[in-house]
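Please keep the sequence and the coordinates open while reading.

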Amino acid sequence: MSIQSFKFSLQTLRKEGGISQLSYGIRVFIALCGAMALSWGINQIDMVIPLFLGIIASALAETEDGWQGRVRALLITLVLFIITAFGVRLLMPYPWVFGISIALVAFCLSMCGALGRRYGVMAQATLILAVYTMIGLNQATHEMPIWYEPVLLSFGALWYGILSVIWAALFAHVTLRQALTSLYIEIGLYLKLKSKFFPLPTRGAVDSLRLDLAQQHGQVVVALNRVREILVSRIDSNPTNPRLGRYIRFYFIAQGIHERASSSHYNYSDLAETFFHSDILFRLQRQLSEAGTSCRKIGEAIHGGHAIDLRDSEETVAGVLRSIDYLEREAEPTQWRLFRSLRQLTDNVIALQQELDKARQLEDISLSDASQQIPQPRVTFRSILSQIADQLTPKSQVFRHAVRMSLALSCGYAIIQNMNLSVGYWVMLTTLFVCLPTFGSTRKRLYERIAGTVIGLVAAWALITLFPVEVIQLVIAVTAGVVFFLSRNNRYVLATAAITLMVVCCFNQVSDGYDVIWPRLIDTLIGSIISWLAVFFILPDWSHRQLPMTFAEGLRRSADYLRELMRFYQEDNVSEQVYRHSRRRAYNADALLTSTLVSMQQEPGHFRRDTELWQRLVIRSHTLFNYIAAFSAHRGTLIEQPSNQLLADAGNYIVESLQEVAQCLEQKQLVTDSSAEFERLRNTLEDCPSDDDERHYFVQSQLQSLLGQLEEIRRLTLELQVQVHGEHIKSLS
């Protein structure tokens, strides 16, 4: 299967969202229809707006927990919603107090992002509900009791929350299945890209391919983290569920495949040159490609519940074995030098197929120790405060975004008060949706928000003109609300158009919908401008400033990862949990470096500094990570072999050197070139006798490859320092 077909499968999953996304739309549809029926049945159609807004806010706050976890999240959300709604209702008549409160509440709630994605989502939804309360109070046609708006908003949120809990109880593992499906498809695409290294393309194509591979690796890490997050919430709720035990094993198999796929053995260019006239490289290419297809099949089987067919990848493995056996008998003398490296590469590919085969044999199994397999984070009040306190620094993206959001919302409120906008609170709502943590994402969201608003207003004007009947307009509003939730993650222009259409249709039930068309457009433009100015001027988060520290963090995490792996080679008892922790941190650091580079490429031209050089550094960093990952893939073999002092010294030297480069970047000190110790180790490793066993040769060859990557990283880092710091670095040299 081609990479284009793979991307189509992944895009289909992302756009349609599978069963999970469809169920999301069904829940919203039921909730909106219920609210509409209640308002219509008691002849209080003006209740539609607060009920709808409460439902939307609750749906935006929905987590991916099991039903027990959703009950806890719903209770927290309702408490936040009630306090916020009543706070807005009580303080809104006092502009100065209200403006200060907006700034403080926005900052505090935005800082909840330090606790993780789920709490960040609930905090964002609470801010959205606060603005919804302002909009409802601003549009009231007559005096309402103090409890009216907060209670209806909270009731709408409760109604959707109950549906969410019931749905999670009835369809417990739908979200987890979708996440696992996406994970296997992402790994499959990574394998497809990896297969393009055999036979090796041109030098320019190699660099481009390595950059694509690094970016796809970031997508795999994101998918792994999402599955892990969902599993943690499920284990917390129901650790002995047999079906959950099966999904945990799917997750660990995916980790094993990822380890095999991300590892690199020896220098591919040398292998390609030495075995140019053999068919082995073409067979390896086909095997990796078919393994990628098998990953997609596993993902689809998890999603659809049907059998897993791996015959194609099994046939290609058989071809690889026949080819390597023939080479072992007929290899030319010039090929023997790298034959063992080729054997290690083919062994890794065969082991990858064995990991795939495990997925076909899985059955539901109870895991009483599931929490030991995926450790549960211990949450206490002190740990929560510690997490937030750690982020209270301008270096933190969460803190910068919180300050930005606080000032932007305060600015929007000041504009509303001074310009006396009729429905001006949409300015603040636009700011909440458009102002994102990075400039690139904010700019993209700004264009999408404006375009979607224009389309939605045109559609709303046409539809309320063509269909003046209230019932039809309410049906249109419900349909538009469902479309918003089905498309908000992947087609934001359509989502914005849908929610704009819904708003106009709802307002047309209690007042004249035509009167909100121009204010909606003007408010959207003002809110978008405020968001753009905030992300550009308030603690700007330019990625080129973050790249040196992100790169340093990536090197430091890779060093920790290598140190833990070398313990498998040097020690008898190594903690598997400590190793997994270091591996996950190295994965995340590598993915963060790639995403930071992508963010920089989306920023204005003046801030896209040294892009070509940074691309080469990211490529080298990911290649270094790939060579380290090969130790991870063979760590069982490492345990079985005796330690060698030379190889242990070389491993320690690489770890210390990576930490040294990281420290130089962090402290803006000169990165020195290769030292005498580097040359001594490299020459000694090259002169080592080659008649040692295969396991010893593997460690030796991988360390030689790591030394080569280390030398290149030092050279490129020094080149970067000279470009960025100029005369200061030159004077140090």
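The confidence that the predictor assigns to each residue is called pLDDT and runs from 0 to 100, while a contact is counted where heavy atoms lie within 4.5 Å. Over residues 12–18 the pLDDT stays under 50, and for this stretch the model has 17 contacts beyond four places in sequence. Where pLDDT is low, the predicted coordinates should not be read in detail. For the protein as a whole the average pLDDT is 82, and 86% of the residues score at least 70.

The model is a predicted one, for which local features need pLDDT of at least 70 and side-chain atom pairs count only at pLDDT 80 or more, whereas totals for chains, interfaces and linings use all residues. Residues are numbered from 1 along each chain as its sequence is written, and side-chain values use heavy atoms, with hydrogens and water left out.

Once neighbours within four places in sequence are left aside, Met428 is in contact with Ile102, Val131, Met134, Leu409, Gly412, Tyr413 and Ile416. In soluble globular proteins, nonpolar side chains tend to be buried together.

**Aromatic pairs and charges over rings**

Rings of Phe, Tyr and Trp (its six-membered ring) are paired if their centres lie within 6.5 Å, and planes under 30 degrees apart count as stacked, over 60 as edge-to-face and the rest as tilted. A search of the whole structure finds 20 aromatic pairs. Phe536 counts as buried because its relative accessibility is 19%, whereas Phe537, at 56%, counts as exposed. Phe439, Trp532, Phe536, Phe537 and Trp542 form one aromatic cluster.

A charge is taken to sit over a ring if NZ of Lys or CZ of Arg is within 6 Å of the ring centre and within 35 degrees of the ring normal. The charged end of Arg445 sits over the ring of Tyr492, 3.9 Å from its centre, and that of Arg118 sits over the ring of Tyr119, 5.4 Å from its centre. Tyr492 is also among the residues touched by Ser487, together with Leu494 and Ala495, when residues up to four places away in sequence are not counted. Ser487 is found in helix α20 (residues 470–487) and counts as buried, at 6% relative accessibility.

**Salt bridges**

A salt bridge requires a side-chain nitrogen of Lys or Arg within 4 Å of a carboxyl oxygen of Asp or Glu, and the structure holds 21 of them.

| Salt bridge | N to O distance |
|---|---|
| Arg296 and Glu300 | 2.7 Å |
| Glu666 and Arg556 | 2.7 Å |
| Arg682 and Glu711 | 2.9 Å |

Arg296 and Glu300 are separated by about one helical turn, because they are four residues apart in helix α12 (residues 280–304). Arg296 is buried, with a relative accessible area of 10%, whereas Glu300 is partly exposed, at 29%. Glu666 lies in helix α27 (residues 645–667) and Arg556 in helix α23, so their bridge ties together parts that are 110 residues apart in sequence. Glu666 is partly exposed, with a relative accessible area of 33%, and Arg556 is partly exposed, at 23%.

Conventions:
Helix = DSSP H or I, 4+ residues; strand = E, 2+ residues; numbered from the N terminus. Buried < 20%, exposed > 50% of the residue type's maximum accessible area, 1.4 Å probe, protein only.
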